[in-house]
Amino acid sequence: TYEFFRDRAFIELNAMVGLYEEGSGVDLGGPVEFRSGLGVGYQNKSGMRFSLSFDHRSNAGLYSDNPGLETVQFRVSIPTK
């Protein structure tokens, strides 16, 4: 996370690996999946954070089928202090 504008605005990068079970959802080609993403946001004086993020999930070619999945999210985080 990189903060700027008096530590109120931020940019976040993330990456992770995980296990995926298809269920009735999208078939991502296999159980091992990788996710990488980028988000930008703002934190107000009371500590609430608002951000817009984009991520991509795929199996990085581990399986013959690798359709991938992109997600755009709007998040609101409320501190519980």
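I started at R6, which sits in the loop between β1 and β2. I was looking at a predicted model, and I kept that in mind for everything below.

**Entry 1**

I checked the backbone at R6 and got a positive phi of about 60°, even though R6 is not a glycine. Next I asked myself: is R6 buried or exposed? R6 has a relative accessible area of 76%, so I put it down as exposed, the cut-off being over 50%.

F5 belongs to the loop between β1 and β2 as well. Its phi is positive too, at about 55°, and F5 is not a glycine either. For F5 I noted a relative accessible area of 53%. That is over 50%, so F5 goes in my exposed column.

**Entry 2: L13**

I moved on to strand β2, which covers residues 9–19 and holds L13. I wanted to know how L13 is classed: buried or exposed? L13 comes out at a relative accessible area of 67%, so it is exposed.

Then I looked up what L13 touches once its neighbours within four places in sequence are set aside. I found G37 and L38. I also checked the spacing from L13 to S53. These two are 40 residues apart along the chain, and 9.4 Å separates their C-alpha atoms.

**Entry 3: Q43**

Q43 is in strand β3, and that strand runs over residues 32–43. I got a relative accessible area of 23% for Q43. Buried would need a value under 20% and exposed one over 50%, so Q43 is partly exposed.

Which residues does Q43 touch, if I skip those up to four places away in sequence? I wrote down R8, F10, M48 and R49. For the pair Q43 and R8, I also looked up the C-alpha separation and found 4.9 Å. Along the chain, Q43 and R8 are 35 residues apart.

**Entry 4: the whole chain**

I stepped back and went through the secondary structure. I counted 5 strands and 0 helices in the protein chain. Read from the N terminus, the order is β-β-β-β-β.

Next came overall dimensions. The radius of gyration of the protein chain is 16 Å, whereas a compact globule of 81 residues would have one near 12 Å. I boxed the C-alpha atoms along the principal axes and got roughly 50 × 25 × 20 Å.

How much of the protein chain counts as buried? I noted 21% of its 81 residues. The accessible surface comes to about 5900 Å², and carbon and sulfur atoms account for 57% of it.

I then turned to contacts between residues at least 6 apart in sequence. Of these, 44% join residues at least 24 apart.

Charges were my last item here. I have 8 positive and 10 negative ones in the protein chain. Their mean positions lie 20 Å apart.

**Entry 5: confidence**

I finished with pLDDT. The mean for the protein chain is 94, and 100% of its residues reach 70 or more. Where is confidence lowest, and where is it highest? The lowest is strand β1, residues 2–4, with a mean of 92. The highest is strand β3, at 97, and that is the strand where I had looked up Q43.

Definitions and conventions:
Residues are numbered from 1 along each chain as its sequence is written. This is a predicted model: local features need pLDDT of at least 70, side-chain atom pairs count only at pLDDT 80 or more; totals for chains, interfaces and linings use all residues. Side-chain values use heavy atoms; hydrogens and water are left out. Helices (H or I, at least four residues) and strands (E, at least two) are DSSP runs, numbered from the N terminus. The radius of gyration is taken over C-alpha atoms; the globule rule is 2.2 Å times the number of residues to the power 0.38. Buried means under 20% relative accessible area, exposed over 50%, partly exposed in between (1.4 Å probe, protein chains only). Contact means heavy atoms within 4.5 Å. Accessible areas come from the Shrake-Rupley method with a 1.4 Å probe; for residues, only the protein chains shown count as cover. Lys and Arg count as positive and Asp and Glu as negative; His and the chain ends are not counted. The place of a charge is taken as NZ of Lys, CZ of Arg, CG of Asp or CD of Glu. pLDDT is the predictor's confidence in each residue, from 0 to 100.
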